[in-house]
Amino acid sequence: PLVIGRRLKLDFARVTEREFEEKRVSYHKQMQETFFAQFRIVGSETHVVRSGDSIWALAQVRFNVPIWLLRQYNPDVDLGDIRPGTKLVIPHLDTVQGGAAT
């Protein structure tokens, strides 16, 4: 299984590391462009992690933000090892329709 925060060994037998990195960056750039065509950030709040919280539940269920965006807002936090008392900055999102936020 893939675990956030753990190293992943990649097989570069069919693609070079450079090609892989170019495709990875392109994929993430496209993903962010698609996301920001639909949403804009309108502020943020600090959330203190409680016992039982998980990054997935906080991102997907409670705050409805992608994990990659949480990672960008919390670059010094190991999201694979959050503990009670950890402070997370959570961006607030608003939808964009026809070029205007709603």
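In this predicted model, helix 1 and helix 3 (67–73) each supply at least two residues of the lining of the largest pocket. Helix 1 makes the greatest contribution to that lining, with 5 residues. The lining of the largest pocket comprises 16 residues, and those nearest its centre are Leu2, Ile4, Arg24, His28 and Arg71. Sorted by class, the lining has 9 nonpolar, 4 polar and 3 charged residues. The volume of the largest pocket is about 660 Å³.

The second largest pocket holds about 170 Å³ of space. Its lining is formed by 14 residues, of which Phe63, Asn64, Val65, Pro66 and Leu93 are the closest to the centre. Here strands come into the account: strand 1 (39–48) and strand 2 (87–97) each supply at least two residues of the lining of the second largest pocket. Strand 2 gives the most, with 6 residues. The class counts for the lining of the second largest pocket are 8 nonpolar, 4 polar and 2 charged residues.

The surface is the remaining topic. Leu2, one of the residues nearest the centre of the largest pocket, also belongs to a nonpolar patch on the surface, together with Leu8, Leu10 and Phe20. The accessible area of these four residues together is about 410 Å². Phe20 is found in helix 1, which spans residues 17–38. Phe20 counts as partly exposed because its relative accessibility is 32%, and the partly exposed class lies between the buried limit of under 20% and the exposed limit of over 50%.

Notes:
Residues are numbered from 1 along each chain as its sequence is written. This is a predicted model: local features need pLDDT of at least 70, side-chain atom pairs count only at pLDDT 80 or more; totals for chains, interfaces and linings use all residues. Side-chain values use heavy atoms; hydrogens and water are left out. Patches are made of residues with over 30% relative accessible area and no salt bridge: like charges are joined within 9 Å, nonpolar side chains (Val, Leu, Ile, Met, Phe, Trp, Tyr) within 5 Å. Accessible areas come from the Shrake-Rupley method with a 1.4 Å probe; for residues, only the protein chains shown count as cover. A salt bridge is a side-chain nitrogen of Lys or Arg within 4 Å of a carboxyl oxygen of Asp or Glu. Helices (H or I, at least four residues) and strands (E, at least two) are DSSP runs, numbered from the N terminus. Buried means under 20% relative accessible area, exposed over 50%, partly exposed in between (1.4 Å probe, protein chains only). On a 1 Å grid over the protein atoms alone, a cavity is a set of points where a 1.4 Å probe fits but cannot get out, and a pocket is an open set with protein on both sides within 12 Å along at least five of seven lines; lining residues have an atom within 4 Å of a point. Grid points are joined across faces, edges and corners, and a volume is the space filled by probe spheres set on the points. Ala, Val, Leu, Ile, Met, Phe, Trp, Tyr, Cys and Pro count as nonpolar, Asp, Glu, Lys and Arg as charged, and the others, Gly among them, as polar.
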